[in-house]
Amino acid sequence: MKKINRFLLVIYLAATVTGAISQDIHFSQFYETPLLINPALTGAFNGDVRAIINYKNQWKSISNPYRTEMFSFDAGILKKKWSRTHLSTGILIYNDKAGKSKFGTTQVNLALSATVSLNDKNAVSAGLLGGIAQKGIKNTDLKWGNQYDETSSAYNPNAASGEEGVLNADPSIYGDFGAGLNWSFINKPANMTSNDKFTVNVGAGFFHINKPSQKFYAGDIENLYTKLVIHGKSYIGLKNKSIAIVPGFMFLKQKTAQEINAGALIRYSLKEESKYTGFVKESAFYLGGYFRVGDAFIPTVAFEIANFSVGLNYDINISNLKTASNGKGGFEISLRYINPNPFSYTKKGGAMF
């Protein structure tokens, strides 16, 4: 029994500490975390200002959940002064706590991007991101092999862990930098009320390009590995229909760790016209799912109305961990606000997005 407990302890610590150190946070609704996956997506939306809140709670069914909260805000600047080029700026803040070790990461990043319109349908953008992060471990709730009595195999919380002076409980603070590129294409119909619209955007983000140092054990300094993110999304509107297909994918690689997400949502739109102002307030319902290769199926629903959007998903675990998790992974919610209303236009020829 003692050997089994120690084995489980090693596996547990590997998952809660080593795994957390080597990989960044990520959300299943990656399309609602633009600044997190590519700084070139700063300002890449139809409006002047955008704010997004994200929350994820995972592995609650096993033991101690991993919880992640994030807030981002971005806005375009100098749009009115420059006809084919504009700048955008933004801020990204997140906090993450992982497992029983309470391995925590708090990070604040500032982002800046420049977008150049090549023609009426194509645009490219480049972005930079930089900020400061703090990581730390609270080891008060951890159980170590030295705290199990050899005779009775009982756990003694007052026994020395053997990690005193080895495990560094002081937070690690470091600067962190990233960059990215993005290309977008949009083909709008001549008829503003038609759903026959086709858009594509593809980009790549590079993070931890300065490979910041972290210290969690005495005499042992680790560098945070550089991360590559490749992503893409499309909007395929069906002519004379209220339905559109919205496929997307994301690929992440950070040293030996990698992740692939792919799937699609079906968008059904409703347009509501005001008889007094002539404006159209559009609402839409999304239904579909994504697949994280080798890990989870992610059914997703979302609802948009005017300036607001809310998205919900639940990760259904399909990996080897499903025996312990009973297929349960994590719940996630996103709330987005864009101003002005990105879907509204006037009959006299405003812009339809």
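Leaving out neighbours within four places in sequence, L41 is in contact with P34, R50, D74, N182, N201 and H231, where contact means heavy atoms within 4.5 Å. L41 lies in the loop between α2 and β1 (49-58), the helices (H or I, at least four residues) and strands (E, at least two) being DSSP runs numbered from the N terminus. With a relative accessible area of 10%, L41 is buried, a term that means under 20% relative accessible area, with exposed over 50% and partly exposed in between (1.4 Å probe, protein chains only). The C-alpha atoms of L41 and S88 are separated by 9.2 Å, although these residues are 47 apart along the chain.

This is a predicted model, in which local features need pLDDT of at least 70 and side-chain atom pairs count only at pLDDT 80 or more, while totals for chains, interfaces and linings use all residues. Residues are numbered from 1 along each chain as its sequence is written, and side-chain values use heavy atoms, with hydrogens and water left out.

Strand β7 (residues 198-207) and β10 run antiparallel and are joined by ten bridges; two strands pair if DSSP finds at least two bridges between them. Within this pairing, F206 has L228 in β10 as its bridge partner. β10 is also joined to β11 by nine bridges, again in an antiparallel arrangement, and K233 stands opposite G248 in β11. β10 and β11 form a hairpin with five residues between them, and N240 in the turn has a positive phi of about 60 degrees.

The count comes to two cavities of 30 Å³ or more. A cavity is a set of points, on a 1 Å grid over the protein atoms alone, where a 1.4 Å probe fits but cannot get out, and its lining residues have an atom within 4 Å of a point. Grid points are joined across faces, edges and corners, and a volume is the space filled by probe spheres set on the points.

| Cavity | Volume | Lining by class |
|---|---|---|
| Largest | about 110 Å³ | six nonpolar, four polar and three charged residues |

Of the 13 residues that line the largest cavity, D24, L36, N109, F207 and H208 are the closest to its centre, and β6 gives the largest share of the lining, three residues. The lining of the second largest cavity includes F27, L36, K227 and M250, and the elements that give two or more residues to it are α2 (34-37), β10 (227-237) and β11 (243-254).

Methods
1 Å grid on protein atoms, 1.4 Å probe; cavity = no way out; pocket = protein on both sides within 12 Å on 5 of 7 lines; lining within 4 Å. Nonpolar A, V, L, I, M, F, W, Y, C, P; charged D, E, K, R; others polar.
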